[in-house]
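The following exercises concern a predicted model. Each task is followed by a solution in steps.

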Amino acid sequence: MAAAAFLCARAAAAALRPPSRGLSRRLLASRVAAASSSGEGGGGVEFQGKVGFLGLGIMGAPMASNLIKAGCDVTVWNRTKSKCDPLLSLGAKYEPSPAEVASSCDVTFAMLADPQSAAEVACGAGGAAEGLAPGKGYVDVSTVDGATSKLIEERITSTGASFLEAPVSGSKKPAEDGLLIFLTAGDESLFKRVAPLLDVMGKSRFYLGDVGNGAAMKLVVNMVMGSMMVSFSEGLLLSEKVGLDPSTLVEVISQGAISAPMFSLKGPSMVKAAYPTAFPLKHQQKDLRLALALAESVSQSIPTVAAANELYKAAKSLGLADHDFSAVIEALKAKAESSQQQQFVQLSCH
Ligand SMILES: NC(=O)C1=CN([C@@H]2O[C@H](COP(=O)(O)OP(=O)(O)OC[C@H]3O[C@@H](n4cnc5c(N)ncnc54)[C@H](OP(=O)(O)O)[C@@H]3O)[C@@H](O)[C@H]2O)C=CC1
Ligand SMILES: O=CCCC(=O)O
């Protein structure tokens, strides 16, 4: 373990929040420098070693990019190889399989679409586990269910390596700005070892104990978010239908007790029926499906989430899976149209 060594601290990271766009090299370097000179955050935390990153989608690419800009020695892999190119231009290395990344790095992060891909990349043929060994670490930051996370943990730890689940709250922009919230669980010494890396990519980190707890926390947060988006969509449509300006509704909500960054961020484009993808709708529906299973496992009823899930499923069947999850409003519009048509047919039959 030699190559990259850098210093950073949570306090320094918090004090050096970025401006509106992704973190610049200068800013990330200054986080590192401030941490080493200020002695804040427990005297600065040192990470030594090479970092692997598997999965360079909407979230993985900016996260890996921030690590590179902070001075880490990063090796990347992505199923679709072309998505590695921007990272290679920033100075990343490339290995042709997850196993080769894991074997050439000290700690490997994975940011994958869903439980199936997370398990495949960690445990499948050519997967990360094949390259792991004692002393190495594997950190899965994908959103998956607890059972999948435990399955990955079992396979990873069978190699002698350590495992941390660390799903994130925060979307594309917080990923670009290094402002994610990590919900971690698993090996506590790995958590401490990768803390400087989490602090480059995020603004806070929670350690929640046993593997499964990070996944559960993430699913609970996202089920609340998914239902909020449906409720907001219903409000936007109803306001329009009764003759109000939905843009005014967005403004009114932003000033009151139910204001949320999500409404202010997504509302204006939803009013224009534009859904630039930050959080793909298919992933939100996956999270609701997993949250429903989590609730089922403890016999809790979550009827609002169940209803919201049906709408996301309807939106997927309208071809909106890869749009932002705010496009769920289109499923409500389609529902309204079809019930209007039904009413028309009934009236014309009488
Ligand atoms: N976008 C967001 O706002 C947030 C997303 N998340 C979660 O983070 C994870 C990633 O999300 P995001 O980056 O948005 O998703 P993307 O769909 O943009 O990226 C998914 C990544 O998974 C890879 N992948 C998918 N299937 C496979 C497979 N079978 N084998 C290997 N690789 C595969 C993709 O590779 P390829 O490029 O080849 O398709 C890509 O790198 C998800 O679990 C999501 O729920 C968490 C917080 C916020
Ligand atoms: O999983 C996606 C979360 C998106 C967000 O927290 O804004």
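**Exercise 1.** Locate P115 among the helices and determine whether P115 is buried or exposed.

*Solution.* Step 1: P115 belongs to helix 7. Step 2: within 10 Å, P115 has 20 C-beta neighbours. Step 3: the threshold for a buried residue is 20 or more, so P115 counts as buried.

**Exercise 2.** Identify the residues that P115 contacts beyond its neighbours within four places in sequence.

*Solution.* Step 1: with those neighbours set aside, the contacts of P115 are V144, D145 and T148. Step 2: for D145, the separation from P115 is 30 residues in sequence, while the C-alpha atoms of the two lie 6.8 Å apart.

**Exercise 3.** Describe the shell around ligand 1 by its residues, their classes and their origin.

*Solution.* Step 1: the ligand is surrounded by 26 residues, of which G57, R79, T80, S117 and S171 are the closest. Step 2: sorted by class, the shell holds 11 nonpolar, 10 polar and five charged residues. Step 3: domain 1 (5–210) and domain 2 (216–349) each supply at least three residues to the shell. Step 4: the most is given by helix 7 (residues 115–123), with three residues.

Methods
Residues numbered from 1 in each chain as written. Chains lettered and ligands numbered in written order. Predicted model: local features only at pLDDT ≥ 70, side-chain atom pairs only at ≥ 80, totals over all residues. Near = placed C-beta within 6 Å. Helix = DSSP H or I, 4+ residues; strand = E, 2+ residues; numbered from the N terminus. Nonpolar A, V, L, I, M, F, W, Y, C, P; charged D, E, K, R; others polar. Domains from an automatic or database assignment. Buried ≥ 20, exposed ≤ 12 C-beta atoms within 10 Å, placed from the backbone. Contact = placed C-beta atoms within 7 Å.
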